[in-house]
Amino acid sequence: AKAAPSMAGLDLAKVVSRTEVQTWTQTEWKLGRGYGTQTAPKFHVVAYDFGVKHNILRMLAERGCKVTVVPAQTPASEVFGLEPD
């Protein structure tokens, strides 16, 4: 570990973040049915992608959220324009 290069100052979010806005509709996996699809959202959540886990997005969709995932570098003004709850 001591021989590893320093990570100081690296912006790793740029490496793991998606590059475009995405609407996430996949819900949790259920035995015998597999993954579901969000069809009747009650809330709108915008999630910044700093390496977000897909299962967290599935859990939000399962609980009635329309989930919009944005790249890590997205300005807050753009996110407010998406009108999240």
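A residue is called buried here when its relative accessible area is under 20%, exposed when that figure is over 50%, and partly exposed in between. With that in hand, let us walk through this predicted model. Of the 85 residues in the chain, 28% are buried.

**The chain as a whole**

Three helices and five strands make up the secondary structure of the chain. Starting at the N terminus, their order is α-β-β-β-β-α-β-α. The chain has a radius of gyration of 16 Å, well over the 12 Å that the globule rule gives for 85 residues, so the chain is more spread out than a compact globule. Taken along the principal axes, the box filled by its C-alpha atoms is roughly 50 × 35 × 15 Å.

Contacts can be sorted by how far apart the partners sit in sequence. Among contacts in the chain with a separation of 6 or more, 58% are made by residues 24 or more positions apart. The accessible surface of the chain is about 6100 Å², and carbon and sulfur atoms account for 58% of that area. As for charge, the chain carries 10 positive and 8 negative side chains, with 9 Å between the centres of the two sets.

Which residues of helix α2 are buried? In this helix, which spans residues 54–62, they are L57, R58 and A61. The three cover an arc of only 100° around the axis, which puts them on the same side of α2.

What do the buried residues of α2 pack against? Their partners are the strands β1 (22–24), β2 (26–30), β3 (34–37), β4 (43–49) and β5 (65–71). After α2 comes G64, a residue with a positive phi, near 95°.

The table gathers some single residues that are handy to find in the structure.

| Residue | Relative accessible area | State |
|---|---|---|
| T74 | 11% | buried |
| A47 | 14% | buried |
| E28 | 22% | partly exposed |
| V16 | 47% | partly exposed |
| E83 | 62% | exposed |

Let us begin with A47, which has its place in strand β4. Is A47 buried or exposed? A47 is buried, because its relative accessible area of 14% falls under the 20% cut-off. Setting aside neighbours within four places in sequence, A47 is in contact with L57, T68, V69 and V70. Between A47 and M59, 12 residues apart in sequence, the C-alpha distance is 13 Å.

E28 lies in strand β2. This residue is partly exposed, at 22% relative accessible area. Beyond its neighbours within four places in sequence, E28 is in contact with G34, Y35, G36, R58, M59, E62 and R63.

Next comes V16, found in helix α1, which covers residues 13–16. With a relative accessible area of 47%, V16 is partly exposed. Which residues does V16 contact, leaving aside its neighbours within four places in sequence? They are D49, F50 and G51. The C-alpha atoms of V16 and D49 are separated by 7.9 Å, although these two residues are 33 residues apart along the chain.

T74 sits in the loop between β5 and α3 (76–81). Though placed in a loop, T74 is buried, with a relative accessible area of 11%. Apart from neighbours within four places in sequence, T74 is in contact with Y48 and V79.

Where does E83 lie? E83 is in the segment after α3. Its phi is near 55°, a positive value in a residue other than glycine. E83 counts as exposed, at 62% relative accessibility.

Notes: Residues are numbered from 1 along each chain as its sequence is written. This is a predicted model: local features need pLDDT of at least 70, side-chain atom pairs count only at pLDDT 80 or more; totals for chains, interfaces and linings use all residues. Side-chain values use heavy atoms; hydrogens and water are left out. Buried means under 20% relative accessible area, exposed over 50%, partly exposed in between (1.4 Å probe, protein chains only). Helices (H or I, at least four residues) and strands (E, at least two) are DSSP runs, numbered from the N terminus. The arc is that of the directions from the helix axis to the C-beta atoms. Contact means heavy atoms within 4.5 Å. The radius of gyration is taken over C-alpha atoms; the globule rule is 2.2 Å times the number of residues to the power 0.38. Accessible areas come from the Shrake-Rupley method with a 1.4 Å probe; for residues, only the protein chains shown count as cover. Lys and Arg count as positive and Asp and Glu as negative; His and the chain ends are not counted. The place of a charge is taken as NZ of Lys, CZ of Arg, CG of Asp or CD of Glu.
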